[in-house]
Amino acid sequence: LGKFVPRSKLGQAMQMFDRGQASKEDIDAGMRFGCAHPQGPLELSDLIGLDTLQLVAEVLYDEFKEPTYAPPPILKRMVTAGHLGRKTGKGFYTYE
């Protein structure tokens, strides 16, 4: 999970969504249909847990001081707001 989180499609997808470059639905559909992934990166982030992803990114950044390891700002905002993904019913998507 280490290298996968911040430098991966998860972090890139979060940044694209945060900058308004694409909707969350379009980002996830692009990876599902274009790359044959079972779920998109934002759906996967919600499944893993946004707090877990933030923790991993912070540990890696603290250890290596690589800017690419820093958690994306949207991830920090969502975790602070208590939107942790499926476990809380709200992340990039809303769950019942």
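This is a predicted model: local features need pLDDT of at least 70, side-chain atom pairs count only at pLDDT 80 or more; totals for chains, interfaces and linings use all residues.
**Entry 1: Arg-77 and its partner**

Then I asked which residue forms a salt bridge with Arg-77. Asp-18 does, and the closest N and O atoms of the two are 2.5 Å apart. I was pleased to see that this pair links distant parts of the chain. Asp-18 sits in helix 1 (residues 9-18), while Arg-77 sits in helix 5 (residues 73-80), 59 residues apart. Asp-18 is partly exposed too, with a relative accessible area of 32%.

**Entry 2: Glu-43 and Arg-32**

Next I turned to Glu-43, whose side chain meets that of Arg-32 in a salt bridge, 3.1 Å from N to O. Where do the two lie? I found Glu-43 in helix 3 (residues 41-48) and Arg-32 in helix 2 (residues 24-35), so their pairing ties together parts eleven residues apart in sequence. Arg-32 has 25% relative accessibility and counts as partly exposed.

**Entry 3: Lys-87 and Asp-51**

My last pair was Lys-87 and Asp-51, a salt bridge with its closest N and O atoms 2.9 Å apart. Lys-87 comes in the segment after helix 5 and Asp-51 belongs to helix 4 (residues 50-64), so this pair ties together parts that are 36 residues apart in sequence. Is Lys-87 buried or exposed? It is exposed, because its relative accessible area of 51% is over the 50% cut-off. Asp-51, at 27%, is partly exposed.

**Entry 4: Tally**

Technical notes:
Residues are numbered from 1 along each chain as its sequence is written. Side-chain values use heavy atoms; hydrogens and water are left out. A salt bridge is a side-chain nitrogen of Lys or Arg within 4 Å of a carboxyl oxygen of Asp or Glu. Helices (H or I, at least four residues) and strands (E, at least two) are DSSP runs, numbered from the N terminus. Buried means under 20% relative accessible area, exposed over 50%, partly exposed in between (1.4 Å probe, protein chains only).
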